Amino acid sequence: MNLRPLFGLLLFSALAPVAVPAQTAPATVFGYTDFTAESKIETEFLAVPDAKLAGQHLKTLTAEPHMAATPEDHKTAEYVAEKFRAAGLETEIVPFRVLLNWPKVVRMEAFDANGKLLISGPTREHVDGDPGQDDPRVVMPFNGSSGSGDVTGEVVYANYGRLEDFDQLAAQHIDLHGKIVLVRYGINFRGVKVYIAEKRGAAGVLIYSDPQDDGYYKGDPWPIGPWRPETGVQRGSVQYLFKYPGDPETPGVASTLDLPDSARVSPEGNQPHIISIPISYHDASPILQALKGPGVPQGWQGALPYRYHLGPEGVKVHLVSQQDYQRRIIWDVIGKVKGSEYPDDWVVAGNHRDAWVYGAVDPNSGTAAMLESVHGIGILMKLGWRPKRTIVFCSWDAEEEGLIGSTEWVEQHAKTLERAVAYFNMDVGVAGPDFSAAAVPSLKQFIRELTRSVSSPLGSTVYEQWKNGHIEGNEHRGSNAPPENEDAHVGDLGSGSDFTPFLQHIGVPSTDIGSGGPYGVYHSTFDDFAWFTKNADPHFVYLQEMARVFGLEALRMADSDVLPYDYVTYAKAIQTYIAAAKRKAADAGVGLDFAPVELAAGHLAAAAQKAHDLQSSGKGDLGKLNQALRQTETALVNEAGLPNRPWFRHTIYAPGEFTGYAAVVIPGVNEAIDSKDAGRAAEQLSVLTQALDRAASTLDAAP
Ligand SMILES: [Zn+2]
């Protein structure tokens with residue numbers, strides 16, 4: 001999933017195909033006592049990823065619709081496995097049996113106050129000239145994890161379906177019991193919209209794409225430009241992934257083929273009960289236009305050419321959703337290169353492969369780039385190189401339904417992964433020229449540093465372009481953390497992609513990268529190869545760029561002498577989070593004693609400075625130092641997990657219960673303050689204090 005920046009410059013489409021030089025070699029790099037030898041290896045690596053080959057991978061991967069668990073999805077697994085093997089990776093296709101719904105019937109009819117039919121749909125996605133839209137395997141628009149049912153009700157418009165939007169309706173005494181809530185896509189995760197609607201008593205939800213958010217209001221729609229056309233629909237999961245992601249029947253357990261049914265639980269914990277249906281603005285517009293009741297508040301008006309009203313008078317909607325829930329087989333592809341010095345310390349790099357339809361941008365631009373990273377690693381191996389640590393490349397399945405392939409694999413290998421030194425994610429690899437990244441604070445500087453080594457098709461380096469031109473486009477990686485203005489912006493990890501199980505379930509330091517641009521066809525049939533070559537990357541030079549950056553992440557981490565984690569920045573970030581929570585608690589009148597947690601954070605900051613000096617000197621027992629550095633992140637994991645959502649165990653980062661994509665920092669504390677629960681806040685403050693104490697003494701013990 002992972003909706004990336006919707007901003008960008010269109011300069012690049014005018015560029016002729018140019019040979020983009022591979023790199024600028026740095027003299028010193030944090031984590032290396034002497035970078036000379038590694039610099040040569042990087043130069044060899046960076047020369048390999050090939051724009052044309054990346055384009056060919058993308059074309060093959062997107063030739064057919066390949067939703068998770070379909071035969072076409074299996075074909076893409078075999079293609080990826082073949083490329084992994086050709087590069088010399090020890091490769092296996094790993095199946096899991098997981099609960100997935102496919103739509104049997106999705107229907108919607110809207111009537112005005114006189115019972116006159118306004119619209120009957122959903123209308124099939126169609127524009128003149130799109131090559132892939134008529135394939136019978138294009139799945140009808142539906143929501144993963146939707147309930148089944150047949151309901152009729154009056155319509156209420158709820159803007160983006162944020163908590164504050166629902167509160168605004170409540171303030172205007174608009175009751176949602178038995179109503180069909182019409183919300184627009186944007187801002188928060190769609191599962192959150194349905195979650196709150198269900199809590200407020202709604203009988204069903206229609207989620208539509210307003211042209212203001214990703215349609216003609218932004219620019220020309222496909223097939224003229226990159227934005228969403230009238231009939232374009234955003235499919236997507238409404239799983240409660242902020243409770244737990246993965247197979248809904250096996251939280252915390254891998255759903256391997258031999259897992260007995262008796263080990264599976266009811267999926268209730270992470271699924272809505274009510275039905276939800278995604279629609280286009282073609283189908284939403286007659287409803288919005290006929291809706292009566294109060295006019296909408298400021299900021300709720302979209303780009304359709306009439307005044308919007310809240311309802312509930314004016315329109316009745318009849319929704320039918322029949323979902324075929326089955327346990328279906330999905331396939332991850334895992335390829336390993338064994339490390340020569342620390343074979344048990346894994347560097348994991350992954351991208352999902354399954355798509356709602358063709359998935360040219362989401363996710364197969366990432367897959368095409370990853371395959372060219374693997375190509376580069378393969379060439380190094382042919383030259384006799386072996387990484388110091390084991391590198392594991394992963395092609396995840398069923399990410400779209402709820403991060404399922406990655407979550408099940410992480411649950412299967414949880415013990416081994418407690419030693420994994422990093423997880424590098426790429427979902428939407430390329431939608432345009434704007435590089436962006438999110439990471440744990442310990443890896444923010446790592447990403448900045450390595451993007452200085454990769455050339456940009458726009459000239460100079462990826463780092464320079466990212467820092468100077470495209471900072472604004474990264475604002476979507478929002479969180480409740482204060483902004484950092486001094487450098488290229490690296491966001492915080494919330495959820496919405498496959499880093500979630502690694503970081504938030506077991507504490508593997510993680511990053512997520514991509515290259516964004518104007519992208520209005522997210523999760524529609526129009527996210528296809530034709531759209532990609534016209535709008536995103538006609539000459540595949542951004543695929544090449546991302547192959548270089550992604551591969552370099554794995555390479556530089558795997559070969560480092562000292563793990564290049566920056567705990568000084570991490571500790572500073574945590575101190576900022578604590579200060580912000582303290583202010584918030586004071587404002588909310590929640591009385592709390594912050595002295596112990598401030599003391600613990602201070603200890604961590606001091607230990608981090610000491611560790612940083614050791615890392616820079618590169619002297620002493622590096623094996624033990626690396627161990628301490630790695631275990632510091634694990635120390636931030638709390639076994640018991642967050643209150644009400646024990647699967648999420650990281651004390652510093654979680655997806656917000658009411659945002660879904662965006663991160664909530666020190667979530668246990670902040671969410672307790674938000675709900676004005678002083679008892680729970682005090683308890684969570686002490687959980688955080690203990691975690692910081694553990695982290696500080698782990699780091700302090702470094703030799
Ligand atoms: Zn995706």
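**Figure 1. Burial and overall build of the chain.** Of the chain's 703 residues, 64% count as buried. The model is a predicted one. The chain carries 20 helices and 17 strands. Its radius of gyration is 25 Å, close to the 27 Å that the globule rule gives for 703 residues, so the chain is as compact as a globular protein of that length. Along the principal axes, the C-alpha atoms fill a box of roughly 80 × 60 × 55 Å. Among contacts with a separation of 6 or more, 80% come from residues 24 or more positions apart.

**Figure 2. The stacked pair of Trp346 and Trp409.** The structure holds 30 aromatic pairs. One of them joins Trp346 and Trp409. The two rings are stacked, at 6.2 Å centre to centre, with 25° between the planes. Trp346 belongs to strand 10 (residues 342-352) and Trp409 to helix 9 (residues 404-412), so the pair ties together parts that are 63 residues apart in sequence. Both Trp346 and Trp409 are buried.

**Figure 3. The tilted pair of Trp409 and Phe502.** Trp409 also pairs with Phe502. This pair is tilted: the centres are 6.3 Å apart and the planes make an angle of 45°. Distant parts of the chain are linked here, with Trp409 in helix 9 and Phe502 in helix 13 (residues 499-506), 93 residues apart. Trp409 has a relative accessibility of 2%, below the 20% cut-off, so Trp409 counts as buried. Phe502 is buried too, with a relative accessible area of 0%. Trp409 and Phe502 belong to one aromatic cluster, together with Trp346, Trp396 and Tyr423.

**Figure 4. Arginines over aromatic faces.** Two views are shown. Arg452 lies over the face of Tyr463, 4.0 Å from the ring centre. Arg645 lies over the face of Phe648, and here the distance to the ring centre is 5.6 Å.

**Figure 5. Ser145 in its loop.** Ser145 sits in the loop between strand 3 (143-144) and strand 4 (149-157). Ser145 has a relative accessible area of 5% and is buried. Its side chain makes a polar contact of 3.5 Å with the side chain of Gln271.

**Figure 6. Ser515 and the backbone of Gly432.** Ser515 is placed in strand 15 (residues 510-516). With 0% relative accessibility, Ser515 counts as buried. The side chain of Ser515 reaches the backbone oxygen of Gly432 at 2.6 Å. Gly432 is also on the contact list of Ser515, which leaves aside neighbours within four places in sequence. That list includes Val428, Gly429, Val430, Ala431, Pro433, Asp434 and Phe435. Tyr542, Glu545 and Met546 are in contact with Ser515 as well.

Note on methods:
Residues are numbered from 1 along each chain as its sequence is written. This is a predicted model: local features need pLDDT of at least 70, side-chain atom pairs count only at pLDDT 80 or more; totals for chains, interfaces and linings use all residues. Side-chain values use heavy atoms; hydrogens and water are left out. Rings of Phe, Tyr and Trp (its six-membered ring) pair if their centres lie within 6.5 Å; planes under 30 degrees apart count as stacked, over 60 as edge-to-face and the rest as tilted. Helices (H or I, at least four residues) and strands (E, at least two) are DSSP runs, numbered from the N terminus. Buried means under 20% relative accessible area, exposed over 50%, partly exposed in between (1.4 Å probe, protein chains only). A charge sits over a ring if NZ of Lys or CZ of Arg is within 6 Å of the ring centre and within 35 degrees of the ring normal. A polar contact is a pair of N or O atoms within 3.5 Å; within protein, one must be able to donate a hydrogen and the other to accept it, and residues adjacent in sequence count only if both atoms are side-chain atoms. Contact means heavy atoms within 4.5 Å. The radius of gyration is taken over C-alpha atoms; the globule rule is 2.2 Å times the number of residues to the power 0.38.
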